Amino acid sequence: MSQRGDSKDSDALSERFDPSGRLARAAATFACFAPTFAVVALLATSYLGERARLSDETPPETWATSADASQRMTVAGHAIQYWGKPGARYSNYASRGAKPPRGIVVHFTRAAPVLAMVKYGHARDFSRGGASFGYHFYIGRDGQIVQGAPLNKRTNHIKSTKRRERTRIARHLWSGNAIGISLVGACDTLLRPNRIWRPTNCSGEFVTAAQLGAGLALIKALQARYRLPCHAVFGHGDLQTDRATFEGATLRDRVRAGCSVPAPSRRRMVGTETAQKDS
């Protein structure tokens, strides 16, 4: 009886201190669950794509006709859905001091229903001081474009040059003279986390071909309407140190490549006029 007990104890000890045995068991366990992990990843990918589409979203019908045609953007080859809300605040401060656009800023967001993001841009966020935050344009993963604010209004999408987070790039821009474009779902936190897991951050910018094509067409139309040069297009990461350097870089680089304008660097000044407004 004692010998059997001693044998079991020795087997348990040898098993405990045998790394090859533990590795073999871990590999076998992983092999059993690998198909499950693959299915979960596939479903998550599909989920993210669907949450950044417009197909099944229907805002109130009154939104589509709530702005004069002159305040709704048109782009050849793209049916832009106008989802501006009558009486929405947008950015009261920036709209009161609105100037003709002098730049375009490309942003990204997490994967979420586009309609929910547009509604957020219409409302006040009291957790952030009661202001409204949003963009003029939202581009879904499927390349569909939504206009969330009329062109004679301004939205809060970049910080004032009075804030320490602003870089030395394009300091003449503020929310009152810049158009914001958001690539919905290009910041993917679920499938591509950072090496150190921080759910609010992105490990890269992931723009679909459809988003890129729609974004290029939209920016070219805005450039023609407001006579903006290629160097007036920036990524949000160019302007603020609290944003990832790559935010907006994919579309910015594609626009600038068409006219041989280099990407801006946070180390050098692009634009010397300092804005006097806060947003």
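Does R227 count as buried or exposed, and at what relative accessibility? At 78% relative accessibility, R227 counts as exposed; here buried means under 20% relative accessible area, exposed over 50%, and partly exposed in between, with a 1.4 Å probe and protein chains only.

1. Basis of the note. The structure is a predicted model, in which local features need pLDDT of at least 70 and side-chain atom pairs count only at pLDDT 80 or more, while totals for chains, interfaces and linings use all residues. Residues are numbered from 1 along each chain as its sequence is written, and side-chain values use heavy atoms, with hydrogens and water left out.

2. Overall architecture. The protein chain has 8 helices and 6 strands; these are DSSP runs numbered from the N terminus, with helices (H or I) of at least four residues and strands (E) of at least two. Along the sequence the elements follow the pattern α-α-α-β-α-β-α-β-β-β-α-β-α-α. Of the 279 residues of the protein chain, 44% count as buried. Where contacts in the protein chain join residues at least 6 apart in sequence, 72% of them join residues at least 24 apart; contact means heavy atoms within 4.5 Å.

3. Surface. The protein chain has an accessible surface of about 15100 Å², and 55% of this belongs to carbon and sulfur atoms. Such areas come from the Shrake-Rupley method with a 1.4 Å probe, and for residues only the protein chains shown count as cover.

4. The largest nonpolar core. This core has 28 residues, and M73, F137 and L218 have the most contacts inside it. A nonpolar core is a set of buried Ala, Val, Leu, Ile, Met, Phe, Trp, Tyr and Cys residues joined through side-chain atoms within 4.5 Å. Two or more residues come from each of β2, β3 (137-139), β5 (178-183), α6 (209-226) and α8. Helix α6 gives the largest share, 7 residues. Another core lies apart from this one; it has 11 residues, including L115, V118, Y135 and V146. In soluble globular proteins, nonpolar side chains tend to be buried together.

5. M73 and Q147. Neighbours within four places in sequence aside, M73 is in contact with I80, F137, Q147, L151, L218, A221, L222 and R225. Q147 belongs to strand β4 (residues 145-147) and is buried, with a relative accessible area of 0%. Under the same exclusion of sequence neighbours within four places, the contacts of Q147 include M73, I80, W83, H136 and F137. The C-alpha atoms of Q147 and H136 are separated by 5.7 Å, although these residues are 11 apart along the chain. The side chain of Q147 also reaches the backbone oxygen of A149 at 2.8 Å.

6. Aromatic pairs. Rings of Phe, Tyr and Trp (its six-membered ring) pair if their centres lie within 6.5 Å; planes under 30 degrees apart count as stacked, over 60 as edge-to-face and the rest as tilted. By this rule there are 2 aromatic pairs. F108 and F246 form a tilted pair, 6.2 Å centre to centre with 45° between the planes. F108 lies in strand β2 (residues 103-108) and F246 in the loop between α7 (236-239) and α8 (249-257), so the pair ties together parts that are 138 residues apart in sequence. F108 is buried at 7% relative accessible area, whereas F246 is partly exposed at 25%. Y135 and Y138 form an edge-to-face pair, 5.6 Å centre to centre with 80° between the planes. Both Y135 and Y138 are buried.

7. A charge over a ring. The charged end of R256 sits over the ring of F234, at 5.2 Å from the ring centre. The criterion is that NZ of Lys or CZ of Arg is within 6 Å of the ring centre and within 35 degrees of the ring normal.

8. Q240 and its polar contacts. Q240 is found in the loop between α7 and α8 and counts as buried at 2% relative accessibility. Its side chain makes a polar contact of 3.0 Å with that of H236, and another of 2.9 Å with that of D242. A polar contact is a pair of N or O atoms within 3.5 Å; within protein, one must be able to donate a hydrogen and the other to accept it, and residues adjacent in sequence count only if both atoms are side-chain atoms.

9. Positive phi values. A170, in the loop between β4 and β5, has a phi near 50°, a positive value in a residue other than glycine. A170 is buried at 0% relative accessibility. R227 lies in the loop between α6 and β6 (233-235) and has a positive phi of about 55°, although R227 is not a glycine.
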